[in-house]
Amino acid sequence: MKELLSTTDPTKIAFATALLDAEGITTFQMDVHMSVLEGSIGILPRRLMVRDTDLFMARAILKDNGIEL
């Protein structure tokens, strides 16, 4: 798996996941539960991972939809 996106904005992760799911690209979110350790203040970024073979297409999809990587 490769890191596609890292952000502290949960809405950006949700939007990216929805776009990629619609294109048949499986995603996996990492560091989702880290907010428990940080006190839910949003300083630790979440990461969105995709398969190595899907990375190029996933980057193109996010770029086409205005999501900065």
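Which residues is Leu20 in contact with, leaving aside its neighbours within four places in sequence? Select Leu20 and display what surrounds it: Leu4, Ile25, Thr27, Leu48, Val50, Ala58, Ile61 and Leu62 are in contact with Leu20, where contact means heavy atoms within 4.5 Å.

Before going further, note that this is a predicted model, in which local features need pLDDT of at least 70 and side-chain atom pairs count only at pLDDT 80 or more, while totals for chains, interfaces and linings use all residues. Residues are numbered from 1 along each chain as its sequence is written, and side-chain values use heavy atoms, with hydrogens and water left out.

Now colour the whole chain by secondary structure, which comes to three helices and three strands, running β-α-β-α-β-α from the N terminus on. Helices (H or I, at least four residues) and strands (E, at least two) are DSSP runs, numbered from the N terminus. Of the 69 residues, 29% count as buried, a term that means under 20% relative accessible area with a 1.4 Å probe, protein chains only.

Next, select Leu4, Leu5, Leu20, Leu48, Val50 and Leu62, the residues with the most contacts inside the largest nonpolar core, which has 14 residues. Strand S1 (2-7), helix H1 (10-22), strand S3 (46-50) and helix H3 (55-64) each give two or more residues to this core. Such a core is a set of buried Ala, Val, Leu, Ile, Met, Phe, Trp, Tyr and Cys residues joined through side-chain atoms within 4.5 Å.

Show H1 and H3 together, and look along the pair: they pack at an angle of about 120°, with their axes 10 Å apart, the axes being lines fitted to C-alpha atoms over the stretch in contact and the angles running from 0 to 180 degrees between N-to-C directions. The contact is made by Ala16, Leu19 and Leu20 of H1 and by Ala58, Ile61 and Leu62 of H3.

Staying on helix H3, select Leu55, which is buried, with a relative accessible area of 12%. Leu55 touches Lys2, Glu3, Leu4 and Val50, not counting residues up to four places away in sequence, and the C-alpha atoms of Leu55 and Leu4, 51 residues apart along the chain, are separated by 6.9 Å.

Finally, move to Thr27 in strand S2 (residues 27-30), which is buried, with a relative accessible area of 17%. Leaving aside its neighbours within four places in sequence, Thr27 is in contact with Thr17, Leu20, Asp21, Leu48, Met49 and Val50.

Notes:
Buried means under 20% relative accessible area, exposed over 50%, partly exposed in between (1.4 Å probe, protein chains only).
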